[in-house]
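I have a structure open today and I'm jotting down what I look up as I go.

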Amino acid sequence: SLGIASAEQTVIYEIDEALKRMEDGSYGLCSTCDKPISKKRLKAVPYAEYCIDCQKKEELMQKKGV
């Protein structure tokens, strides 16, 4: 139950950050490479911060503990 609440809080934070990106005009651009995030990805994950390539790199680095 605590794990679910934590995951939900993380999603709420990510949504809030996406709203801030909408306000400053950077919504839809990857936070790492500044390339546009595909519409398909944004439709699936509207609060996506990274393009799919950078997201994969980010996950790989997290897995490695970097």
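I looked up Cys33 and found it partly exposed, because its relative accessible area is 30%. My cut-offs are under 20% for buried, over 50% for exposed, and partly exposed in between (1.4 Å probe, protein chains only). The model is a predicted one, where local features need pLDDT of at least 70, side-chain atom pairs count only at pLDDT 80 or more, and totals for chains, interfaces and linings use all residues. Residues are numbered from 1 along each chain as its sequence is written, and side-chain values use heavy atoms, with hydrogens and water left out.

A reminder to myself: a disulfide is a covalent bond between the sulfur atoms of two cysteines. Here a pair counts as a disulfide when the sulfur atoms are within 2.5 Å. My tally for the structure is 0 disulfides.

**Overall layout.** I counted 3 helices and 0 strands in the protein, and along the sequence the pattern reads α-α-α. Helices (H or I, at least four residues) and strands (E, at least two) are DSSP runs, numbered from the N terminus. The C-alpha trace spans about 35 × 30 × 20 Å along its principal axes.

How much of the protein is buried? I noted 18% of the 66 residues. The accessible surface comes to about 5,400 Å², and carbon and sulfur atoms own 57% of that. Those areas come from the Shrake-Rupley method with a 1.4 Å probe; for residues, only the protein chains shown count as cover.

**Salt bridges.** I found 2 salt bridges in the structure. The rule is a side-chain nitrogen of Lys or Arg within 4 Å of a carboxyl oxygen of Asp or Glu. Asp16 pairs with Lys20, with the closest N and O atoms 3.7 Å apart. These two are 4 residues apart in helix 1, which means about one helical turn separates them.

Lys20 also pairs with Glu17, and here the closest N and O atoms are 3.3 Å apart. Lys20 and Glu17 sit 3 residues apart in helix 1, about one turn of the helix. So what do the shared partners do? They join Asp16, Glu17 and Lys20 into one network.

**A nonpolar patch.** Which residues form a nonpolar patch on the surface? I wrote down Ile15, Leu19 and Met22, with about 270 Å² of accessible area together. Patches take residues with over 30% relative accessible area and no salt bridge, joining like charges within 9 Å and nonpolar side chains (Val, Leu, Ile, Met, Phe, Trp, Tyr) within 5 Å. Leu19 lies in helix 1, which covers residues 2–24, and counts as partly exposed because its relative accessibility is 44%.

**Helix 3.** I did a quick length check on residues 52–64. At 1.5 Å a residue, the 13 residues of helix 3 should span 18 Å, and the end C-alpha atoms are 18 Å apart, which agrees. The expected span is 1.5 Å times one less than the number of residues. After helix 3 comes Gly65, with a positive phi near 80 degrees.
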